[in-house]
Structure formats: structure tokens, C-alpha cells
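Visitor: Could you walk me through this one? I'd like to begin with the charged pairs and move on from there.

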Amino acid sequence: MTSVVSSPPRTIRIGSRKSQLALVQTYWVQEQLQKSFPDITFEVHTMSTQGDKILDVALAKIGDKGLFTKELELGMLNQEIDFAVHSLKDLPTNLPEGLMLAAITERENPADALVVHEKHKDKQIDTLPEGAVIGTSSLRRLAQLRHHFPHFTFKDVRGNLITRLAKLDAGEYDALILAAAGLERLGMSDRVHQVIPKEISLHAVGQGALGIECRADDSELLSLLKAIEHPETRDRCLAERSFLRSLEGGCQVPIGVNTEISGDNLTLTGIVASVDGQKLVKDTVTGIANNAEALGTELAEVLRQQGAQEILEEIFAVIQRGS
């Protein structure tokens, strides 16, 4: 009688940045997969990315594509890890050959949030005093806020969430603009003083969702990862990423979006603004959610006809000059 020797269950290695928020997000993914596949071992492996190491330079001046993802992607291509968990807003829309976006998780609140110093606890974004120092490291937030509130003073702020909040509480800033989702995931919802209305600030592409990236040829893993995908979030984010990709913008370019799904229809709103807030184009398209990527391409063309390309070319020129 021939005995059958079964292979041991696979151990799957998950790649993550070392930041507190990244680890909270990665451990959540690990927990969800472990619940679905109790016979498989999921291990977390951490790496430092370029964006984690350079904290004294504005993000836009470093060169943003892959700033928080390249090291993790190299780890996958070198077979050191099997998949990586990203904040989807940090994941470039064009991925390295051999890798793919395998799943997108259910989105937290994608909006931007106002976090204020104690002395402004009775204020909202539109009642902060003239000259108030607002901290943000995002050109997208900067451009939109300058458009609506040219009387504020804007100052770059880097570091992890805890570091930035400490700088705010120490009085270096009157307020910060942060992602509501990051604060919620770290159990800091109480620091959200105001959710910024979409009429003032459209959020970043993919903000609030997690993107799971893995090797394109790992069919077994691709099948497993579908267990944590959220179809509505996927459609919304694919539309947003297609819009960004079509405009050839990186995650540090002033491009904002908002998506809503009603029944089978998806509505995508997009904005492109100059860094000084003086030029701004904005429009909306609606179509079938199943055609999400085509909608993103359509909206990009609509805004291109309204001058978006010229705005972006000016921004790219400024960034390349390092000014």
C-alpha cells in the first residue's frame, strides 16, 4: 500500500511598513485572512521605505511614485514576502511588471479631517482666524484649501501621526489636515474636530481603503485574497485610480476625487488645482459601476478639455526645479 504524504500548509508572508498605522492595518488584514483560512499561517514582515526614512523634506520634492511602496515591491519580486498591505492612496497607479493589485478592502471614511489646537476648539475650518498656521504635507489639500482660504498660512508637516499631533499640541500649528480614516484606525476618532466637507476638499484617490499587492503569477494567493475584497469599494477605487492614471498624476499631485454608488450607478467627481489655488477645474461623470475604469478615463478627458493638463504641466515643472 502506497502512503500519501500531504504537503504542510503554506506559510504566507505579509509585508508592511513599520509605522504604527501601517502595522494596525496589516494586522487587521492578517486577522481577517486567519479567520477565513485557519489552516494557513500568515506572518507579518516589516520594512522601512524611502518615505519613512526622509522626514525633513516635503513629499512632493522627493519624487513621490513608489515613495512608500518600492521596498515592499522589491521584497515581493525577490520572494522575501508574498504580498504587501498598502494604504491604497500611497500605491502608484502603474505597478511594476510581475505585480498586481489583488484586492481592495472595505473603505473607512475617505474624507479629510480638521484637527485643531486646544485654543481653537470652538472653531471650524471656515472660522479659524486670519493667518492661522495649517499643517499639511499634501499638495492636494494645500491647493484646495488655498483656493477657499487664501488668508491661512500653510506649513509642511512630516512624521508619523503621533509626531504630527505632538507638534500640533505643542503649538507649532493652529490646525492639521489629516485623513479621517487614519485617525479612526488608530482609535483617535476623538481628535477629528471636523470632517472637511467635500465642497471644500475632495479626498485623495484610494483614501480610506487598503490595497493588497502581490505577484501576478501566484494564483493560489490571488484566490485567497479575494476573501477580503469589498466589491463596492473596489469599483469606487478603480474609477479613482483610472482617473489619476489617465492624468498621469502621482499621489502628491493636487488631484482630488469623490465617488458614490447608487444601485448600479457610480458617480465620480474629480478636481485638478494649481498649488497656489488660483486655477481649479472640477467636474462629474456618472455611469455603470461595472465600467468603473472607463468612467475614470472619461472624467480625465473632460477635465483635460477644461485645462487640467496645463495645470499639471506647470506643477510638474515646479517640482522638477525643486522649488
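Guide: Gladly, and please keep in mind throughout that this is a predicted model.

Visitor: Which parts of the chain does the pair of Asp90 and Arg17 tie together?

Guide: Asp90 lies in the loop between strand 3 (83-87) and strand 4 (99-104), while Arg17 belongs to strand 1 (residues 11-17), so the pair ties together parts that are 73 residues apart in sequence.

Visitor: And how many salt bridges are there?

Guide: The count comes to 23 salt bridges. Another of them joins the side chains of Asp112 and Arg140, at 2.8 Å from N to O. Asp112 lies in strand 5 (residues 112-116) and Arg140 in helix 5 (residues 139-148), so this pair connects parts that are 28 residues apart in sequence.

Visitor: Asp112 and Arg140, buried or exposed?

Guide: Asp112 counts as buried because its relative accessibility is 0%, and Arg140 is buried as well, with a relative accessible area of 4%.

Visitor: What about Lys119, what does it form a salt bridge with?

Guide: Lys119 forms a salt bridge with Asp174, and the closest N and O atoms are 3.4 Å apart. The pair links distant parts of the chain, 55 residues apart, with Lys119 in the loop between strand 5 and strand 6 (133-135) and Asp174 in the loop between helix 6 (161-169) and strand 8 (175-179). Lys119 counts as exposed, at 54% relative accessibility, whereas Asp174, at 12%, counts as buried.

Visitor: Which residues do salt bridges that share partners join into one network?

Guide: That network is made up of Arg10, Arg13, Asp82, Arg215, Asp218 and Glu220.

Visitor: Back to helix 5 for a second, how many of its residues are buried?

Guide: Helix 5 is mostly covered, with 7 of its 10 residues buried, and among them are Leu139, Arg140, Leu142 and Leu145. At the start of helix 5, a side-chain oxygen of Ser138 comes to within 3.2 Å of the backbone nitrogen of Arg140, the residue whose side chain also meets that of Asp112 in a salt bridge.

Visitor: Switching to strands, why is strand 4 largely enclosed?

Guide: Strand 4 has 5 of its 6 residues buried, so the rest of the structure largely encloses it. Strand 4 pairs with strand 10 (residues 210-215) in the antiparallel sense over 5 bridges, and Ala103 stands opposite Ile212 in strand 10.

Visitor: What order does the open sheet of 3 strands have?

Guide: The order is 11-12-13, with antiparallel pairing. Strand 11 (255-262) and strand 13 (280-288) stand at the edges with a single partner strand each, so one side of each is left without a neighbour in the sheet. From one strand to the next, the twist averages 15 degrees.

Visitor: How many bridges do strand 11 and strand 12 pair over?

Guide: Strand 11 and strand 12 (residues 265-273) pair over 8 bridges, in the antiparallel sense, and Ser262 has Asn265 of strand 12 as a bridge partner.

Visitor: Which helix packs on the sheet, touching strand 11 and strand 12?

Guide: That is helix 9 (residues 231-246), whose direction makes about 145 degrees with that of strand 11. Helix 10 (residues 292-305), in turn, lies across strand 12 and strand 13 and runs at about 150 degrees to strand 13.

Technical notes. Residues numbered from 1 in each chain as written. Predicted model: local features only at pLDDT ≥ 70, side-chain atom pairs only at ≥ 80, totals over all residues. Heavy atoms only, no water. Salt bridge = Lys/Arg side-chain N within 4 Å of Asp/Glu carboxyl O. Helix = DSSP H or I, 4+ residues; strand = E, 2+ residues; numbered from the N terminus. Buried < 20%, exposed > 50% of the residue type's maximum accessible area, 1.4 Å probe, protein only. Pairing = 2+ DSSP bridges. Axes fitted to C-alpha atoms, helices over the stretch in contact; angles between N-to-C directions. Contact = heavy atoms within 4.5 Å. Polar contact = N/O pair within 3.5 Å; in protein donor to acceptor, adjacent residues only side chain to side chain.
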